[in-house]
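New page in the notebook. I want to get my bearings here before looking at details.

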Amino acid sequence: MSSTSQIENRIILPKWGILGAGAMGWLWTYYLQRAKIDTLLLQRQNTSYRECIIQKDNLFENCRTSATKSDNPSLPTLEALIIATKAYSVRSALLPLQEALISKQIPIILLQNGLGVFEEVRKLFSEQPILILSTSNGAYWHEYEFLKLTGTGPSYLGTLDNSVPRSLINILFKRLRATGLPVLLTDNILKQLWEKLLVNCSINSLSTLWLCRNGDLLDNPNSKQIWKRIVHEGVQMMRLELCQEVEPLEILTLIDQVAYKTSANYSSMCEDRRRNRPNEVDYIQGYLVRKAHQHHLSVPTLETLAELLKFPENSLLKQTPN
Ligand code: KPL
């Protein structure tokens, strides 16, 4: 039996849920655990725990977390739930959890690339606190064996509406900072999302069509030309959506920097192609085209990319490069 002093001294750890056991889900599981935050992974398998080998620099570590099936509606109380699935799976992954999340008012943190997911989730949860974590931390699976953590760019935490009290934002921010990752709080998350959207549109489109690593795009004069056109078309929309001036050169520099920092990676969209999985075109290139049409802007480059990246079903790759 525990003595009173033991009970008093016991630190009650907050538990965070992570929905989705892909590279991003494991990345945040690993970093939260390092901050002594208990994690529960919600995943497709029906197992009570999961393990993964993480490679960071030249060190390998085993990461173990408690786990449950992602459609298990009886969730324990969680301080927050990070949604780490692909953009196109968010809605279907959240539906079975809708009641539990609403009754416990568990804050939701969205990690997805692209834009449009927030609006979909808001339709499912009219009053839930929903936050966005726009992150440029890289991670990729090395031959399915282990997860290699790569670039650690900043991650921005913010909200797109007034659903989250400042006191709650501060608590969640404190926990995320405890991971040691460069997490920053921002009042203008939309700007970060738009910047990332153009970065993803530029790097992911070409790396997917050419089946190359992000770094290979840096040495290619054609990619620079196409990135200029993407940025030229994207910036017109960004200015209208953000109601502020945006310098194309700043976005082009950012694209270069991200491609450089993630040189060794295949972009997430390229990985989807290599593994014959659906991709996030509707939330990246497709989103940009829909927005442009709303604003009556002409975006021929973005339209062509959106069409090219909607791979027909008979275009499955037989052999994928390593
Ligand atoms: O987010 C990315 C992705 O692969 O989806 C990066 C690494 C930034 C490339 O666009």
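I call a residue buried if 20 or more other C-beta atoms lie within 10 Å of its own, exposed if 12 or fewer, and partly exposed in between, with C-beta atoms placed from the backbone. This is a predicted model, where local features need pLDDT of at least 70 and side-chain atom pairs count only at pLDDT 80 or more, while totals for chains, interfaces and linings use all residues. Residues are numbered from 1 along each chain as its sequence is written.

Entry: helix α11. I looked up residues 285–294 and found seven of the ten buried, so this helix is largely enclosed by the rest of the structure. Helices (H or I, at least four residues) and strands (E, at least two) are DSSP runs, numbered from the N terminus. Among the buried ones are Y287, L288 and K291. The buried residues pack against α7, α8 (221–242) and α12 (300–308). After α11 comes H296, with a positive phi near 55°.

Entry: domains. The chain splits into domain 1 (7–187) and domain 2 (191–314), with bounds from an automatic or database domain assignment. I get 25 Å between their centres, taken over C-alpha atoms.

Entry: ligand. Which element gives the most to the shell around the ligand? It's α7, with four residues. Both domain 1 and domain 2 supply at least three residues to the shell.

Technical notes:
Contact = placed C-beta atoms within 7 Å.
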